[in-house]
Amino acid sequence: RPAADWWRSAVVYQVYPRSFADADGDGTGDLNGIRAKLPYLAELGVDALWISPWYPSPLLDGGYDVADYRDINPEFGTLADADALIAEAHALGLRILIDLVPNHCSWEHPWFKAALAAGKGSPERDLFWFRDGKDGQPPTNWPAAFGGPAWQQLDDGDWYLHLFDISQPDWNWDHPKVIEEFDSILRFWFDRGVDGFRIDVADSMAKDAGLPDVPLEDGQPTREKYVGNPFYDQPGVHAIHQRWRAIADEYADTPQGPRVFVAEAWLSPAERLAQYVRPNELHSAFNFDALRAAWDAKELREVIDHTTENLWAVGAPATWVLSNHDTIRHRTRFGRDKKDALEGAGVVPTDLALGLRRARAAALLELALPGGAYVYQGDELGLPEVEDLPEDVLDDPTWERSGHTVRGRDGCRVPIPWSGSEPPYGFGPGTEQPWLPQPADWSPLTAEAQTDDPDSHLNLYKSALRIRRGHAALGEGRLAWDQDAPEGILSFTRDPGFQCVVNLSDAPVPLPPHQKILLTSAPLSAGELPPDTTVWLES
Ligand code: ISL
């Protein structure tokens with residue numbers, strides 16, 4: 001595969017820095033912790049890391065509240081550590097993507113502090129969305145992501161817009177200074193050697209300046225991304241992305257090769273998402289339809305067909321995502337009844353053994369599909385969602401919805417278990433207390449415990465990634481469905497000579513004719529493919 005196209009079929013490993021590895025023993029992960037694990041990641045066989053925000057931040061939204069876009073959170077390290085991390089990753093053949101959060105900053109960002117200090121009507125406030133209220137009420141009925149209205153009132157009477165937490169004021173992307181500032185931030189990190197950016201809420205920067213209300217749904221203002229929503233998927237967002245693409249393209253001829261973007265935009269259907277990955281805009285986008293799909297053959301096939309058709313139509317690669325730092329881990333989702341899959345923590349019954357079996361099958365499906373794939377830290381260990389974190393340790397914003405507390409996303413952010421038989425499981429050499437507690441029964445899940453077990457989840461990932469790298473059929477390209485596959489079976493071939501069969505039915509099925517079995521997610525039973533199992537065949 002041409003090196004310039006690496007991103008079209010890359011397997012990207014998401015690092016959530018706070019929870020990955022703790023070199024300095026303070027209980028919070030850090031950049032030197034990531035550096036220490038680079039050999040592990042290279043051996044795992046991924047192509048790139050995407051590192052969730054590492055910037056100075058009060059961490060009121062896990063770092064997605066950025067106080068300084070050109071520095072490193074002192075809890076995580078220094079710019080020198082970041083430079084070393086980038087260089088060491090590159091030396092191991094790993095690319096580095098970092099997170100850009102352009103929709104909002106932290107209320108600790110100096111420009112927001114200046115806007116507060118400068119007062120009503122000041123030019124400093126024009127960089128954000130400060131408005132008068134309407135009869136003592138917020139300027140619009142827009143809801144914030146973590147509950148309550150998206151506007152906060154100040155003592156001087158002005159309201160400011162925050163689509164997310166109250167600590168995350170929205171930038172005014174109609175202002176040239178904001179546009180220029182982000183141009184400069186991109187160049188700052190490209191010049192330091194990063195290979196690209198994951199763009200946070202890439203569909204939200206442009207707002208309808210007429211500030212219309214949103215419709216009600218069950219009596220509450222909606223956050224649905226309906227066509228015409230005043231703060232999502234506004235046409236103006238594309239000019240911003242085109243500008244960024246031109247900046248990335250300035251680096252295309254450097255020895256390091258192209259710099260790339262991946263859009264985080266929870267937009268359905270795929271026709272809408274495809275607008276973000278046209279040739280002069282962002283390079284690729286997370287495919288959240290796949291993440292939201294249930295463990296169901298028909299549903300998965302529809303998502304695969306629909307997303308590939310739409311992304312390929314504009315020349316973009318498909319991508320596949322099973323989990324990230326915002327969602328219930330897929331081992332847990334797949335262990336639940338279909339209708340409950342995306343429910344919050346601790347409220348629905350879950351069969352974790354079944355979930356693990358399906359997570360194994362899903363990994364082989366994901367890595368056999370054309371395009372790029374994302375692995376969230378701990379997916380390779382088969383970590384489940386931690387559903388019983390005590391209330392008093394919860395860190396992510398929680399809020400009330402229809403009479404119950406929505407608990408936030410801490411359950412998928414529990415620090416990684418590396419080794420040993422009890423918490424903190426080698427989270428760091430000197431760590432006593434990780435920032436979130438780890439379950440007492442995770443010792444079989446540590447990377448160390450799984451390294452020498454040939455049947456472990458970790459070794460399944462390693463084998464799959466090794467085969468994927470070496471096989472001419474895998475990575476970019478196309479797939480052809482086996483149209484005769486029985487109900488509940490996903491079966492497709494890829495040229496040359498590769499077939500993937502996933503059994504999502506309740507009964508074993510015979511294997512199709514083949515030359516060799518390359519890999520299975522579980523042992524075959526009497527030569528047949530058991531339920532909830534995937535096989536890779538040389539055909
Ligand atoms: O806003 C939404 C739905 O109304 C969400 O789907 C939203 O697009 C998503 O939560 C965005 O997530 C990203 O930005 C957030 C941050 O909390 C998440 O961790 C991040 O992944 C705000 O920066």
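Modeller: The account below begins with the domains and their contact and then turns to the local backbone. The model is predicted. Its protein is divided into domain 1 (3-104 + 175-390 + 417-464), domain 2 (110-161) and domain 3 (478-538). Between the C-alpha centres of domain 1 and domain 3 there is a separation of 29 Å. To their contact, domain 1 contributes 17 residues and domain 3 contributes 15 residues. On the side of domain 1 that touches domain 3, at least two residues are supplied by each of helix 9 (297-313), helix 11 (352-368) and helix 13 (457-470). Helix 11 gives the largest share of that side, seven residues. Sorted by class, the side of domain 1 that touches domain 3 consists of 11 nonpolar, one polar and five charged residues.

Within domain 3 (478-538), a cis peptide bond links D495 to P496, with omega about -5 degrees. P496 sits in the loop between strand 17 (489-494) and strand 18 (498-503). A cis peptide bond also joins S268 and P269, where omega is about -10 degrees; P269 belongs to the loop between strand 10 (260-263) and helix 7 (270-274).

V201 lies in the loop between strand 7 (196-199) and strand 8 (216-217), and it counts as buried because 20 other C-beta atoms lie within 10 Å. D233 is in the loop between strand 9 (220-221) and helix 6 (237-249); D233 is likewise buried, since it has 21 C-beta neighbours inside 10 Å.

Conventions
Residues numbered from 1 in each chain as written. Predicted model: local features only at pLDDT ≥ 70, side-chain atom pairs only at ≥ 80, totals over all residues. Domains from an automatic or database assignment. Contact = placed C-beta atoms within 7 Å. Helix = DSSP H or I, 4+ residues; strand = E, 2+ residues; numbered from the N terminus. Nonpolar A, V, L, I, M, F, W, Y, C, P; charged D, E, K, R; others polar. Buried ≥ 20, exposed ≤ 12 C-beta atoms within 10 Å, placed from the backbone.
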